[in-house]
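Look at the sequence and the model first.

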Amino acid sequence: MRYSQFFLPTVKEIPSDAETISHQLMIRGGMIRKLTSGIYSYLPLGWRVVRKVEQIVREEMDRAGALEVFLPMVQPAELWQESGRWSLYGKELLRFKDRHDRDCCLGPTHEEVITDLVRSEIKTYRQLPRNLYQIQTKFRDEVRPRFGVMRCREFSMKDAYSFDVDNEGADVSYQKMFAAYQRIFSRCGLLFRAVEADTGSIGGRFSHEFMVMADTGEDGVVYCDTCSYAANLEKAEIARPEDRDPLPDNVPPCEEVHTPNVRTIEEVSAFLHVEPKDVVKTIIFNADGVPVAVLIRGDEEINEIKVRNYLGCDELELADDEMIMAATGAPRGFAGALGIKARIIADYSLIGMRGVVMGANREGYHVKNVCLGRDICALSFADLRAVRTGDVCPHCRGSLTFARGIEVGHVFKLGLKYSKAMKAVYLDNNGKEQYMVMGCYGIGVTRTVAAAIEQNHDDEGMIWPVPIAPFQVIITPVNMKEERLAQAAEKLYQELQGENLDVLLDDRDERAGVKFKDADLIGIPYRVTIGPKKLDEGQIEVKNRRTGEVAAVDLEKAAVWLVEKIKGEEDSLTPLLD
């Protein structure tokens with residue numbers, strides 16, 4: 001491609017409304033332009049990168065045995081009502097009526113559509129397993145689109161769905177997709193981690209997120225410094241602590257104390273001259289309409305997703321004043337576990353706790369010297385709190401630490417969630433109907449492009465990994481009006497194209513400095529400079545965009561040299577392919 005014929009409008013200034021590096025550089029580098037809030041047009045440079053990512057995704061999905069389909073973006077409400085998600089999904093689901101007054105939506109995902117297709121076509125166990133995927137535009141009406149294409153409303157996504165006869169088969173399908181995702185992101189040249197994750201609104205039994213590691217990432221990642229354990233903040237587990245020694249005989253009995261106008265942990269600690277870790281928070285939740293008291297140490301934070309998963313409830317929210325009064329007999333701020341009319345669960349951090357302070361279920365009063373196990377017996381212990389740096393790994397008892405990441409992929413074991421709701425069944429070898437066991441596997445294609453920039457950039461611009469770079473080589477003759485420089489550039493351009501490399505020839509009548517700035521901004525991995533002094537010696541200069549290293553290469557050998565370099569980089573990024 002010749003720069004003079006390419007549509008590549010670069011921008012010098014940083015856009016005022018671009019918050020993230022990827023958003024700034026995708027606009028400055030002529031990759032995208034904003035149409036309206038959360039919706040972007042892709043220009044040729046940006047679309048080339050998207051297509052490179054798509055190609056890697058297709059190759060690895062096909063390699064894993066998945067078959068490509070293309071499903072409608074407009075979906076009838078009946079399917080979503082059948083699955084139960086029409087009323088549950090929220091305002092991100094863009095609903096509308098067609099000219100016949102039928103309710104429809106723009107698909108944010110395709111579980112309902114694919115389940116409807118498969119239940120209509122697959123009848124017996126002999127037609128299973130099956131894995132179908134697509135790469136298609138999705139729409140989620142985000143309340144606050146931000147960060148460019150990182151969190152936008154319209155985006156490109158690869159979504160795959162597996163159907164198996166039983167859980168064992170579903171586990172095999174899950175592992176195939178897990179391995180395929182590892183190969184995809186390795187081939188894209190990205191540093192990533194697969195982390196355990198909550199299934200969220202998609203549902204299912206188990207899931208992993210694939211996180212591209214970047215300091216600018218919006219998601220927290222917790223990982224062990226000893227073993228391979230990693231999880232997102234919502235899912236991160238903490239090891240159960242060792243049980244404490246039996247309670248000694250000299251611990252004083254509970255004592256109710258007057259604490260006027262004292263409600264918060266800080267106020268209680270200051271008033272009673274104790275540490276926050278010696279105060280127990282009693283948080284009343286409404287779990288599917290039933291009050292549940294969750295106990296946690298005063299210096300810790302509750303993880304509501306852990307609470308919801310432990311209880312197995314569909315809806316979990318903080319109890320209102322009426323429910324709190326009914327369960328405790330006191331207003332908000334004085335709840336405690338003693339005499340409470342609710343189920344009690346406590347965080348692991350409270351195992352064996354002695355002499356702690358908690359609410360007395362009486363306005364203006366707290367209780368001292370409470371011992372869990374002596375004064376409160378009808379309770380269960382579970383991992384319910386938010387993880388902190390230095391917590392103990394649940395797998396090897398190593399130390400947990402934090403990093404930042406950008407979610408680019410998510411794999412789910414859906415189980416029977418959709419097949420039961422939508423009656424997706426098959427006949428087993430005994431002629432008996434069974435529900436298909438499903439899995440779901442998504443990759444944000446355009447989000448992966450933005451994540452690659454967040455992980456690969458410097459002050460000058462983007463630094464593309466070779467496999468997803470819009471062009472692998474940019475040829476920059478310092479003066480196109482000098483015929484011998486233009487001829488040398490044209491010769492090398494033709495040779496590299498003959499080797500099936502993606503090459504951009506900067507044939508503009510611009511100063512060399514402008515060309516170099518643009519080459520660095522758009523992040524082409526190798527920049528070839530053709531200048532009069534080096535050409536007099538039969539050489540060109542090749543600069544590696546990532547390392548900054550400059551090599552003098554004979555012009556006659558330059559094509560072979562560049563092919564070897566680029567192939568070597570691509571091969572180094574595919575360790576999982578064999």
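Lys-517 and Glu-460 form a salt bridge, with 3.2 Å between their closest N and O atoms. The pair joins distant parts of the chain, 57 residues apart. Lys-517 sits in helix α12 (residues 512-522). Glu-460 sits in the loop between β25 (457-458) and β26 (461-462). A salt bridge here is a side-chain nitrogen of Lys or Arg within 4 Å of a carboxyl oxygen of Asp or Glu. Helices (H or I, at least four residues) and strands (E, at least two) are DSSP runs, numbered from the N terminus.

Lys-517 is exposed, at 52% relative accessible area. Glu-460 is partly exposed, at 34%. The cut-offs: buried is under 20% relative accessible area, exposed is over 50%, and partly exposed is in between (1.4 Å probe, protein chains only).

## Basis of the model

The model is predicted: local features need pLDDT of at least 70, side-chain atom pairs count only at pLDDT 80 or more, and totals for chains, interfaces and linings use all residues. Residues are numbered from 1 along each chain as its sequence is written, and side-chain values use heavy atoms, with hydrogens and water left out.

## Other salt bridges

How many salt bridges does a search of the whole structure find? The count is 46. One of them pairs Arg-297 with Asp-299, at 2.9 Å from N to O. Arg-297 is buried, because its relative accessible area is 17%. Asp-299 is partly exposed, at 27%. Both belong to a network of salt bridges that also links Glu-300, Asp-347, Arg-385, Arg-388 and Asp-391.

Arg-484 pairs with Glu-482, with the closest N and O atoms 3.2 Å apart. Arg-484 is partly exposed, at 34% relative accessibility. Glu-482 is partly exposed too, at 26%.

## A negative surface patch

Asp-288, Asp-314, Glu-315, Glu-317, Asp-320 and Glu-322 form a negative surface patch. Patch residues have over 30% relative accessible area and no salt bridge, and like charges are joined within 9 Å. Asp and Glu count as negative. The charge is placed at CG of Asp or CD of Glu.

Glu-317 lies in strand β16 (residues 316-318). Glu-317 is partly exposed, because its relative accessibility is 48%.

## A covered helix

Is helix α10 mostly covered or mostly open? Helix α10 (residues 445-455) is mostly covered, with ten of its eleven residues buried. Among them are Val-445, Val-449 and Ile-453. The buried set also includes Arg-447 and Glu-454.

Note on methods. Patches are made of residues with over 30% relative accessible area and no salt bridge: like charges are joined within 9 Å, nonpolar side chains (Val, Leu, Ile, Met, Phe, Trp, Tyr) within 5 Å. Accessible areas come from the Shrake-Rupley method with a 1.4 Å probe; for residues, only the protein chains shown count as cover.
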